[in-house]
Amino acid sequence: MSVPLGSRWPHVEALRHRLTTCRSVRESRMVTLAEVAHHAGVSASTVSYVLSGKRSISASTKDRVEQSIRELGYHPNAGARALASSRSNIIALMVPLRTDMYVPVMMEIAIAVATTARTHGYDVLLLTGEEGPEAVRRIEGSALADAMILMDVELHDERLVLIRETDRPAVLIGLPADPTGLTCVDLDFVATGAQCVEHLSELGHREIAVIGEAPAVYERHTGFAERTLDGLRVRARELGVRVLHRPCEGTYDTLASTLARIFDERPGTTGFVVQNESAVEPLLSLLRQQGRAIPEDVSVVAICPDQVATQASVRLTSVAIPAQEMGRQAVERVVAKLRGRVVDEVALLAPQLTVRASSGPAPA
């Protein structure tokens, strides 16, 4: 799911720049309630009680908090008032916008979260920075939101320690290595990888290459990418299929180099699994240039949105990314938690493979 933001999606890059600039200006002028609490050596709730007067606070503690407020130049904002009234009717959505991720899918999930939240009377606070645990601390300390939804989940995500410690409801769109005590919604990427191999194996393909995400995605141990590989490799071993995995930035030049390396190392490769939307068209173009017909000589299966699969120069056999359903279910679960209802810890959506024109029997 990688694409250079400034090339194919300049409007997204511009949006990200505006959001980042606004946040930088805001943070340079405004001090948060959490910062006041840290400066005064008290909890965020203590600062809130000093501001609201709802609870008796010792004179020395009150003086210390008020001194910190003066020194830091803090002005009570909506977040502080929300903490005093206990509810903000806002859900925080943490969606880091990285250049190695396919942003349209991330935004489709975010839109689904926002529209579903409105049906329940909630607004969405979008946090796009790569702040990691600090973003969780800001939400927890300032009471800006009643609940949190986290995206771009890594197998060993640093945010999860704080999520497990907080009483604030949270849902992950993604699956970490250890989901114990967490509520998660995701496509079953292990089953997705297995399904791609099964389809190619049934067509007689014994040598398969995986065009993966950008290297940085695997370096971060991003859950969806790692789980796809796990499912694909395990099923391939069971079926006696050889697999070669190569991460790729997805540009034409990097894909040309990656493809040449694949055929040099495994000249018998007849099947491709692509988990990188921006690599789809370069791959199809390069295969045509090499005189390899699709699907007569090579078959291609993609893990991508249906729109990418159906609008490619060859209609792709694919497993769809159910972005809207993932966003909807995440909101339904976080709202249920806000209302005190028990929800399933992990909800994995079953993959659906649609056969189109890009896959066929392996050549004799």
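Helices (H or I, at least four residues) and strands (E, at least two) are DSSP runs, numbered from the N terminus. Keep that in mind as you click along.

**Whole chain**

This is a predicted model, in which local features need pLDDT of at least 70, side-chain atom pairs count only at pLDDT 80 or more, and totals for chains, interfaces and linings use all residues. Residues are numbered from 1 along each chain as its sequence is written, and side-chain values use heavy atoms, with hydrogens and water left out.

Show everything as a cartoon. You have 15 helices and 12 strands to look through. Of the 364 residues, 52% are buried. Buried means under 20% relative accessible area, exposed over 50%, and partly exposed in between (1.4 Å probe, protein chains only).

Next, colour by pLDDT, the predictor's confidence in each residue, from 0 to 100. The chain's mean is 87, and 88% of its residues reach 70 or more. Select residues 14-29: here pLDDT is below 50, and the stretch has 10 contacts beyond near neighbours in sequence. Contact means heavy atoms within 4.5 Å. Where pLDDT is low, the predicted coordinates should not be read in detail.

**The largest cavity**

Where is empty space left? Rolling a probe the size of a water molecule over the atoms shows this. On a 1 Å grid over the protein atoms alone, a cavity is a set of points where a 1.4 Å probe fits but cannot get out; lining residues have an atom within 4 Å of a point. Grid points are joined across faces, edges and corners, and a volume is the space filled by probe spheres set on the points.

One cavity of 30 Å³ or more turns up by this rule. The largest cavity has a volume of about 190 Å³. Select Asp152, Ile173, Asp186, Phe224 and Met326: of the 18 lining residues, these lie nearest its centre. Which helix gives the largest share of the lining? That is α6, with three residues.

Colour the lining by type. It divides into 13 nonpolar, three polar and two charged residues. Ala, Val, Leu, Ile, Met, Phe, Trp, Tyr, Cys and Pro count as nonpolar, Asp, Glu, Lys and Arg as charged, and the others, Gly among them, as polar.

**Backbone stops**

Most residues other than glycine have a negative phi, and most peptide bonds are trans. Look at some exceptions.

Go back to Asp152. Its phi is positive, about 55°. It sits in the loop between β3 (147-150) and α8 (160-165). Is Asp152 buried or exposed? It is buried, with a relative accessible area of 7%.

Then pick His221, whose phi is also positive, near 55°. His221 lies in the loop between α10 (215-219) and α11. This residue is partly exposed, at 40% relative accessible area.

Move to α7 (residues 133-142). Seven of its 10 residues are buried, among them Arg138 and Ile139. Just after α7, Ala143 has a positive phi of about 60°.

Now find Ile294 and Pro295. A cis peptide bond joins them, with omega about 10°. Pro295 is in the loop between α13 (280-289) and β9 (299-303).

**Last stop: Pro363**

Select Pro363, in the segment after β12 (353-354). Pro363 is partly exposed, at 35%. What does Pro363 touch? Beyond residues up to four places away in sequence, it touches Thr270, Glu296 and Asp297. Finally, draw a line from Pro363 to Ser299: they are 64 residues apart in sequence, and 9.8 Å apart from C-alpha to C-alpha.

Note on methods. On a 1 Å grid over the protein atoms alone, a cavity is a set of points where a 1.4 Å probe fits but cannot get out, and a pocket is an open set with protein on both sides within 12 Å along at least five of seven lines; lining residues have an atom within 4 Å of a point.
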